[in-house]
Amino acid sequence: MSSAAIEVQGLAKHFPLGGSPLVRRRVLRAVDDVSFELRPGKVTALVGESGSGKSTVARLISRLYEPTEGRILFRGEDVSKVRGRRALVRYRSQVQMIFQDPFASLNPDKRVQHHDARPLLIHGIASRRDVGARVEELLASVGLVPPDEIAQKYPHQLSGGQRQRVAIARALVNDPSIILADEPTGNLDSKTGEEIMQLLENLYQRGNTIILVTHEPDIARHARRAIHLRDGLIESDDSAEVTNEESIAYR
Ligand code: ADP
Ligand code: MG
């Protein structure tokens with residue numbers, strides 16, 4: 001079996017463009033023919049200008065989109081065939097997305113406690129009795145201190161960087177093997193962005209495989225390897241991996 005953490009082969013996503021149903025519908029080739037293999041426990045940047053197809057690749061990998069063509073192999077299994085809510089929830093708990101705007105994915109009426117407790121309860125990782133303590137542990141692990149105070153806050157009472165940490169904490173609940181971070185620092189000032197990158201780098205030290213989607217060269221520099229997309233195709237794939245350092249990247 002391949003030692004890849006995840007592999008995509010000939011991945012394509014075409015979106016239909018509007019038009020008369022009588023005319024053969026034209027399509028927008030957001031992702032056209034993308035293939036790469038990711039080694040476990042590495043940070044790979046997916047870079048390219050806005051509109052080059054980065055987010056679409058990330059959404060295909062996390063199965064938020066159906067691929068038009070191609071295969072996604074996770075642990076040797078073609079997950080582009082995974083169907084059904086339960087199977088998708090199980091898959092996404094292993095391949096977690098982190099978005100640019102955590103505010104959009106946090107419920108403004110619910111405290112931080114709720115956001116991180118929910119997945120812990122849903123996935124049976126914590127019981128009602130110990131969920132409070134588990135949430136605080138999780139918050140502390142992403143640098144949200146003091147965790148008991150943070151847990152009682154609402155999203156609007158947190159800074160952008162703190163909100164992103166809440167989202168990252170939530171993504172870590174299942175100890176996913178792959179984290180797809182789509183412009184995770186896009187809404188943050190550069191200092192806070194660096195802090196979030198530091199946090200993501202710590203995850204990589206723990207062995208998680210990270211796909212970092214970014215259009216910012218400064219952010220992409222945190223990755224060993226950069227795959228450049230242009231118009232839905234891979235323009236270049238520069239892997240600056242140093243072989244004798246590989247061992248540190250494994251669990
Ligand atoms: P990036 O993340 O690199 O900025 P995207 O993957 O978001 O690029 O988009 C690639 C192309 O696909 C763009 O032209 C975009 O407008 C188009 N696109 C993305 N998502 C959709 C969608 N849901 N429906 C139609 N077109 C889309
Ligand atoms: Mg994008």
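The structure is a predicted model, and the mean pLDDT of the chain is 88, with 92% of its residues reaching 70 or more. Over residues 241-251, however, the pLDDT is below 50, and this stretch has 17 contacts in the model beyond near neighbours in sequence.

Strand β1, which spans residues 6-16, pairs with strand β2 and also with strand β4, as the table sets out.

| Strand pair | Residues of the partner of β1 | Sense | Bridges |
|---|---|---|---|
| β1 and β2 | β2, residues 27-38 | antiparallel | eight bridges |
| β1 and β4 | β4, residues 69-74 | antiparallel | five bridges |

Within these pairings, Ile6 stands opposite Leu38 in β2, while Val8 stands opposite Ile72 in β4.

Turning to the helices, α7 (residues 160-172) packs against α8 (residues 190-206) at an angle of about 15 degrees, and their axes lie 10 Å apart. Because angles under 35 degrees count as roughly parallel, α7 and α8 are roughly parallel to each other. The passage of α7 across α8 is a right-handed crossing. On the side of α7 the contact is made by Gly161, Gln164, Arg165, Ile168 and Leu172, and on the side of α8 by Thr192, Glu195, Ile196, Leu199, Leu200, Leu203 and Arg206.

Note on methods: Residues are numbered from 1 along each chain as its sequence is written. Chains are lettered from A and ligands numbered from 1 in the order in which they are written. This is a predicted model: local features need pLDDT of at least 70, side-chain atom pairs count only at pLDDT 80 or more; totals for chains, interfaces and linings use all residues. Side-chain values use heavy atoms; hydrogens and water are left out. Two strands pair if DSSP finds at least two bridges between them. Helices (H or I, at least four residues) and strands (E, at least two) are DSSP runs, numbered from the N terminus. pLDDT is the predictor's confidence in each residue, from 0 to 100. Contact means heavy atoms within 4.5 Å. Axes are lines fitted to C-alpha atoms, for helices over the stretch in contact, and angles run from 0 to 180 degrees between N-to-C directions. Angles under 35 degrees count as roughly parallel, over 145 as roughly antiparallel, 65 to 115 as roughly perpendicular and the rest as oblique. A crossing is left-handed if the near helix is turned anticlockwise from the far one by less than a right angle, and right-handed if clockwise.
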